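Hello,

Here is the structure I promised to pass on to you. My notes on it follow below, with the cut-offs spelled out as they come up.

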Amino acid sequence: MENNKNQESPMEKLERGNQKHGMGLKARRRIGNTFSYIGLVLISIIWITPFVFLVLQSFETAGTGWSASIIPSKFGFDNYVYLFSANADFNRWYFNTFIIALSLCIGQTAMQLAMAYVLSRFRFKMRKKLMNLMLILGMFPGFLTMIILYNVLKDLGLTQANAVPGLIIVGIASSGMGYYVIKGFFDTVSKSLDEAAMIDGATRAQVFVKVILPLAKPIVIYALLTAFMGPWGDYVFASYIAFGNPQGYNVAVGLFQWLTKEQIPYHYTHFCAGGVVVSIPVITLFLMLQRYYVEGVTGGAVKG
Amino acid sequence: MAMVPTEADIEALRLNPFQKFGRKFVNFFRRLPGRFVHLFVSIGLFFKKAFFGIGRFFRDLVLTFVHGKWWTKLSYLVMGTGNFAHKQIMRGCIFLLFEAAFVFYMVFAGGYWLGMLFSLGTRPTEEVESEEGWATIVEGDNSFKILLYGVLTVFFIVALLYTWYLNIKQCRVNEKLDEENKKLRYAKDDLRALVDREFYKTLLSLPTIGIVVFTIMPIVFMILVAFTNYDVNHTPPYKLFNWVGFDNFGQLFNWTSGSTSFAATFGEILVWTLIWAFFATFTNYFLGMLVALLINKKGIKFKKGWRTILVLTVTIPQFISLLYISKMFGENGIVNKAFMDWGWIDRPLPFWTDPMWAKITVIVINIWIGIPYLMLMVTGILMNIPADLYESAKIDGANPMQQYMKITLPYMLFVTGPYLLTSFTGNMNNFNVIYLLTGGGPKTGRLYQSAGQSNLLITWLYSMTVDDSNYALASVIGIMVFLVVALISVVVYNIIPSTRNEEDFS
């Protein structure tokens with residue numbers, strides 16, 4: 001350490017530094033913090049504003065068309081009532097999305113856990129090749145496969161009105177490729193735990209279920225959460241598979257077409273209300289499980 | 001790479017991260033020739049190994065046949081016989097059933113698809129007027145299905161060949177164990193291994209099948225489509241498409257018709273994609289870090305509250321926030337109206353209608369989207385920076401700026417290097433932000449077909465398939481995206497300070 005060479009003790013040096021600036025540490029910090037607070041308030045306003053506008057406009061009852069005024073000219077819950085009335089398809093979209101989200105939540109997590117556990121714990125001949133293959137496959141733009149998957153699903157009768165099972169199958173099938181974050185977590189769990197359990201006579205399957213999974217609770221929750229949140233915003237593939245049949249839409253596709261040129265005069269405020277309704281479950285879940293999400297994001301970034 | 005550090009290497013440890021990056025960048029290209037030589041040598045070695053491997057493979061096949069008992073010999077034709085002879089009923093049944101299924105499939109369907117694969121069909125479906133004047137549809141070939149099921153059949157054949165090889169290998173192993181009077185593995189042992197020593201096979205089976213069927217096969221298919229003329233004029237079943245070789249790739253170099261040519265449009269969109277990815281990645285990265293530092297500053301209260309406010313944007317499904325913001329900035333949207341009411345402007349700002357404006361607006365709004373995510377990530381990493389680093393820096397009299405440049409930034413760059421790479425390539429393929437904000441527009445008609453000015457390659461690919469039904473060229477774009485992403489990944493991975501080629505941060 002270089003500072004060992006210094007004759008002065010560290011505290012003396014600090015004090016001297018403060019005297020030189022002619023201001024106490026506290027005073028400087030207070031001024032600095034004031035600026036920081038101003039910055040933070042500004043940032044918060046910028047980030048929150050669109051949502052406030054969205055919520056405000058969702059209460060507009062004077063008309064359902066496009067409007068650039070933020071404050072509703074007539075305040076009421078008509079838009080929300082419309083969403084869940086019998087003649088709106090929104091019920092159906094909401095239900096579709098919920099089913100998809102729930103299925104993917106379970107399916108994707110299971111696939112990723114399996115893949116991550118294998119790649120973290122087993123050493124077999126094809127392991128490295130498999131990892132490289134998945135890395136390379138990940139570099140192909142996903143849309144490339146859209147056309148063919150659409151046609152395959154069409155042959156199986158899983159498009160348009162029946163889009164939901166189709167979307168679930170496609171969503172789960174290749175999800176094993178997203179194993180990185182979970183594997184990163186498994187890698188940090190000591191292997192001596194596995195070995196100890198195996199000496200006690202546990203099979204590899206038992207080690208996985210009874211030793212590793214309970215330990216991996218935070219990352220499992222992270223995987224469940226991201227898998228559940230995904231489908232609420234999935235537009236591209238869903239719109240392609242449900243092509244033109246409102247029965248098979250999810251909320252993203254449904255709300256998106258409410259904003260097209262033809263629909264916007266009738267459905268703009270419905271879109272706003274729909275946006276609020278869609279956000280509520282996701283936000284609630286997220287706020288409840290925020291801790292796990294943050295852990296996953298940080299871990300995933302570091303391990304890449 | 002184990003290399004003896006030279007004096008220059010040691011010197012380099014004292015450089016700041018940007019200089020380090022520059023040095024690595026130069027070094028990468030300086031070492032390139034050597035790497036090429038190395039590459040060719042290893043290709044040579046690979047072929048040598050491969051040839052020997054193939055030789056040994058066939059020798060083993062022949063020797064097993066010659067020395068084998070009658071059941072081993074029969075296994076070459078009827079899979080699983082060798083297993084049955086050794087009372088490995090389960091394995092035998094699986095082999096036999098697989099072969100039966102294969103034969104059944106090839107006779108009733110596979111043969112047809114495979115035979116048609118070379119021509120992709122000759123008779124389109126037609127409407128024929130019968131003698132009574134009824135229009136009847138006479139079904140013909142369907143190029144799409146031929147290609148699809150042709151690929152499927154090829155995959156099936158490969159799977160069979162592999163199983164066939166396994167079957168023979170097992171015969172060999174069994175006979176050897178027999179000679180040595182060792183115990184064979186029966187169904188019970190197999191099943192037990194599948195939950196224990198070979199548990200990985202059980203776990204991998206489903207994900208692998210999923211990836212092969214829903215990712216690999218479609219990708220193979222789409223790569224093949226790039227070599228056909230599958231477009232709006234050749235859409236089965238009424239019009240068939242055909243193999244055209246490298247014609248589509250040739251279009252990438254055909255600049256004759258100016259800026260509306262495919263080649264020029266591709267070049268322009270590729271450049272914008274790279275610019276976009278650069279700005280989207282680095283504006284988010286540095287501003288996100290700034291916000292995180294601001295929130296984590298000592299003495300700031302309600303840390304959790306500030307964080308939650310920002311994180312709300314990550315939580316709300318992107319399509320809602322993006323679509324809403326896209327309308328906010330529309331020609332008569334909230335923003336323009338407010339500005340006009342306040343008398344700042346006379347006529348609406350062309351946020352989405354002017355190409356330059358659109359590009360800048362997209363980048364700015366992307367900052368709004370990306371910062372919360374970055375903030376979360378950075379916060380987590382900041383907490384991992386050893387506090388004593390700051391302590392000793394403070395004692396040495398470093399001001400906050402110096403602390404940031406000498407400790408925080410190098411640490412962040414070191415830890416998040418791989419993330420920056422994936423973020424860059426992820427942004428190149430960031431469909432949502434572009435599509436939901438601009439829809440690829442404004443469409444000025446200056447580019448090829450329906451390409452808009454703010455399209456990324458990925459959104460262009462999308463509109464090419466959905467709006468123009470130009471599948472062949474879309475596949476070409478897809479392949480090019482892959483090549484660009486792969487190239488960038490390889491180059492950057494060799495440059496960034498990753499855990500692999502640099503000891504610890506100190």
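Is B:Cys171 buried or exposed? B:Cys171 is buried, with a relative accessible area of 1%, where buried means under 20%, exposed over 50% and partly exposed in between (1.4 Å probe, protein chains only). B:Cys93, by contrast, is partly exposed at 33%.

Before going on, a word on the source: this is a predicted model, in which local features need pLDDT of at least 70 and side-chain atom pairs count only at pLDDT 80 or more, while totals for chains, interfaces and linings use all residues. Residues are numbered from 1 along each chain as its sequence is written, chains are lettered from A and ligands numbered from 1 in the order in which they are written, and side-chain values use heavy atoms, leaving out hydrogens and water.

Taking a disulfide as a pair of cysteine sulfur atoms within 2.5 Å, the count over all chains is zero. For B:Cys93, the nearest cysteine sulfur is that of B:Cys171, 15 Å away.

Chain B is divided into domain 1 (61-127 + 135-245) and domain 2 (258-495), with bounds from an automatic or database domain assignment. Their centres, taken over C-alpha atoms, are 44 Å apart. Nine residues of domain 1 and eight of domain 2 make the contact, meaning heavy atoms within 4.5 Å.

One helix pair to look at: H10(B) (residues 262-296) and H18(B) (residues 457-466) have axes that come within 9 Å. Residues in this contact include B:Phe266 of H10(B) and B:Trp460 of H18(B).

Best wishes

Methods:
Axes fitted to C-alpha atoms, helices over the stretch in contact; angles between N-to-C directions. Helix = DSSP H or I, 4+ residues; strand = E, 2+ residues; numbered from the N terminus.
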